[in-house]
Amino acid sequence: MRAETILNAALLAMLVAVALWAWTADEPFIITLVTKVAIFAIAGIGLNLALGLGGLVSLGHAAFFGIGGYAMGILASHAQSYTPLMEWPLLVEGTKSMPVIWLVAILAGALTALVIGALSLRTTGVYFIMITLAFGQMFYYFAISWPAYGGEDGLPIYVRNGFPGLNTLDPIQYFALCFAVMCAVLLLVARIAASPFGLALSGARQNPQRVQAVGLVPYRLFLVAFTISGAITALSGALYADLNRFVSPTMFSWQTSGEIMIFVILGGVGRLFGPVAGAALFIALEHVLGGLSEFWHIYLGALLLVVVLFARGGLIGLVAGREVAHD
Amino acid sequence: MSIVLLVEQVLNGLQFGVMLFLMAAGLTLIFGVMGLINLAHGSLYMVGAFAAAATAAATGSFLLALVASLVAAAAAGALVELTVIRRLYDRDHLDQVLATFALILIFSEGTRWVFGSFPLFLEVPDYLSGSVTLPGGIEYPLYRLTMILIGLAVAAGLFALIAHTRIGIRIRAGESDREMIGALGVNIARLYTLIFALGAALAGFAGALIGAIQSVQVGMGEPVLILAFVVIVIGGIGSIKGALVGAILVGLTDTLGGFLLPRLFTLFMDASSAMTMGSALAAMSIYLLMAGVLLFRPTGLFGGP
Amino acid sequence: MTEPILSVHNICKSFGALKASNDVSLDLREGEIHALIGPNGAGKSTLIQQIAGGLRPDSGTIRFNGADITRESTVARARRGLGRTFQISSLAMDMSVLQNAMLGALGRRGDALRFFTPVMKDSALLDVAHDALAQVGLEDFAAARTAELSHGQRRQLEVAVALTLSPRAFLMDEPMAGLGTEGSHRLMGFLDTLRQRAPILLVEHDMDAVFSLADRISVLVYGEVIATGAGPEIRVDPLVRSAYLGEEAEA
């Protein structure tokens, strides 16, 4: 087995082990931290599909994360106040059911990503970076100035939404759910990476001219990748909102976009499990450094600088060697 | 709605626009010459504002505060260029984004560490406070009018610098061919540090000027940075003229959108929902403007093909 | 006589005052290798780009396989069966050699929007890719990373990727460049047989290759075609001699 495969398995085992230990030791806060790792990892896996496989440097993924969060917040708030979402032209009620909320989050995320992507992908390079950042900010300001769902103050949801057969209020059960979703998303992205689409997308990243010369349209490949990427990140936003039972415009902020990108970079760009390692490292740093100093972001910044300037493969690259897997 | 109110809003938009220009000009210059996307430009804006506020508090002089903003931001810019930025010129955009994002974290937390989390205040000096009466009997704050004039003067100075001076010639040459001017014996490394410090000084100066009408606090730079990006996308990358036109378009759209849209919506809905709809749409207006430009001219109004 | 597979009619393209293509016409017929030669700066690359779709001519038309393709995109032309190799190798460098060939096979089949089947186990695509690699002699390097190939092997892979498209015509921009004597001879032998499957418009600096392979040669100087004909005719053409040998004769 390759070093990276072993490392990936160890990562998953470690997450489960920490959660189980915290469960037996009755440390619900630690379980919440590990759940956060799984949820942030999903956001990062989503971005990594666009960034790692497609080479699209999106600084606007907070838009999708926030869309997912607000999909949950809006549906659940209508359900908890027993007011329909709309009555005309057809009656739409709120819901407290996670599967329904996830579906709505995924669809809303995909649709948003399709529109933002269709516009942003008309350009390349730095333009793309600036435009995605700007569209993310647009959602941020919209969420602040739209008072119906809490505006600047955000929107609390009193009881975590339900999943058939589980008690989601029990931290370990909610962790199990998020972990399972993360594994499913990993599997999905692994399949996509190995599919004809994955090959074409990877080719378009490395050499758009080559892809055109064999009769494929890079724009279309990028747009599809960006859409799937947005949908996955929106799903993680819905899970995150349910973890906190709270949504706020902060989910849309540029810092959120930056942090999702940090998960990918710390772990290793283009590596399937990179975002899992990156999110785990990020949460560990936040927990450990945040306990030492109120200003832990300075250390995070310094670490990020070191990784960018000297250790491009990220965490998995350091352990498993520079070569990115091809199969 | 009176015409006086409208003129006042147009002037506010203009004032906002010229300040955005100071930010965008540095960014677009740095991109045009060095091919670098600098997310930490907003931090330099913040450095200028804090330097001004601290100097004003210590000396009581607004003029000294402005000088301090220029010096501090230029020095911070040069320092960052020498230590980090110059390692990034040959890297891809992703590395540039990440490293300059890391710089934001370091600058923001560092500033919070030194100055604390509470905002500082920079007072408009007496000789610039109060308002003036413009032709047509329009009362307008003297300080804001001064900002417009200073901004336009800086823009004129920048155009003159690029069109007529030796440095300007090198900047233009650097945009078209990096290796060539190196071969001609120009010290590229020093030129780059100089341009970066110049861009930083402009950003810091804008931070100080705006700091007098808003509070000076950590995180003040990034929203302006993102607006400056919108300006550059609209104007076209690397073009100073594009930055000026884009900045004024964005300034006017933002200010007039917030002013006109709620009033427009009162024509066909009740006052409170009109206010809600109008201000929510106004918050999105400049991004919609950007989307429109992207549809018709993906490389911006003054960008190359 | 049937219509040529590719025909360029009166193409003009200017960059400012420079006329990069000045009323250029040429055609490519079934079964032939038509070489395009000319001194550096004669406008060969500009012409190739206009034929491939990267540049649009100011005036004139380009017909391919019975259709007017003057306004079509690069992708549309590739889909019509115009197989191109690039002057500077244009490959996905981080992929394996086989994956590059698979990319071509996938482009040929045109169904890149499939997300769940493993592409590297698709036997139909694999057959096409391996076959193409075998034809250019790269079958032993299928698993190698493309960035690790030698310069000459990359040229071979360029040709292999074009082969996977089973094109109606090839557009080859200096395929021999940097190949070395032995490599050049092997590729020449291969191109010699390839013309029976699809004709080749060949831009090449290696004059031995051009004169031994080409059925017809067009000479481009200052954006104009000054002569078109078989090798022996071109050798004695006074315009060509003065364009190429003018300086040499004086020296």
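Let's start with the outward side: Ala3(A), Ile6(A), Ala9(A), Ala13(A), Ala17(A) and Thr24(A) are exposed, that is, 12 or fewer other C-beta atoms lie within 10 Å of their own, with C-beta atoms placed from the backbone. This is a predicted model, where local features need pLDDT of at least 70, side-chain atom pairs count only at pLDDT 80 or more, and totals for chains, interfaces and linings use all residues. Residues are numbered from 1 along each chain as its sequence is written, while chains are lettered from A and ligands numbered from 1 in the order in which they are written.

Which residues of α1(A) are buried? They are Glu4(A), Asn8(A), Leu15(A), Ala19(A) and Ala22(A); buried takes 20 or more C-beta neighbours, and anything in between is partly exposed. Seen down the axis of α1(A), the buried residues fall within an arc of 75 degrees (taken from the directions from the helix axis to the C-beta atoms), so they line one face of the helix. Here's the handy rule: an α-helix has 3.6 residues a turn, so residues three or four places apart point the same way.

## Its length and its end

Helices here are DSSP runs (H or I, at least four residues), numbered from the N terminus. With 22 residues (3-24), α1 of chain A should span 32 Å at 1.5 Å a residue, counting one less than its number of residues. Its end C-alpha atoms are 31 Å apart, which agrees. After α1(A) comes Asp26(A), with a positive phi near 55 degrees.

## Where chains A and B meet

Of the two pairs of chains that touch, A and B have the most contacts, a contact being two residues whose C-beta atoms, placed from the backbone, lie within 7 Å. Here 37 residues of chain B are in contact with 34 residues of chain A. On the chain B side, α4(B) gives the largest share, 16 residues. That side has 27 nonpolar, five polar and five charged residues (Ala, Val, Leu, Ile, Met, Phe, Trp, Tyr, Cys and Pro count as nonpolar, Asp, Glu, Lys and Arg as charged, and the others, Gly among them, as polar).

No contact joins chains B and C, whose closest C-alpha atoms lie 13 Å apart.

Key:
Helices (H or I, at least four residues) and strands (E, at least two) are DSSP runs, numbered from the N terminus.
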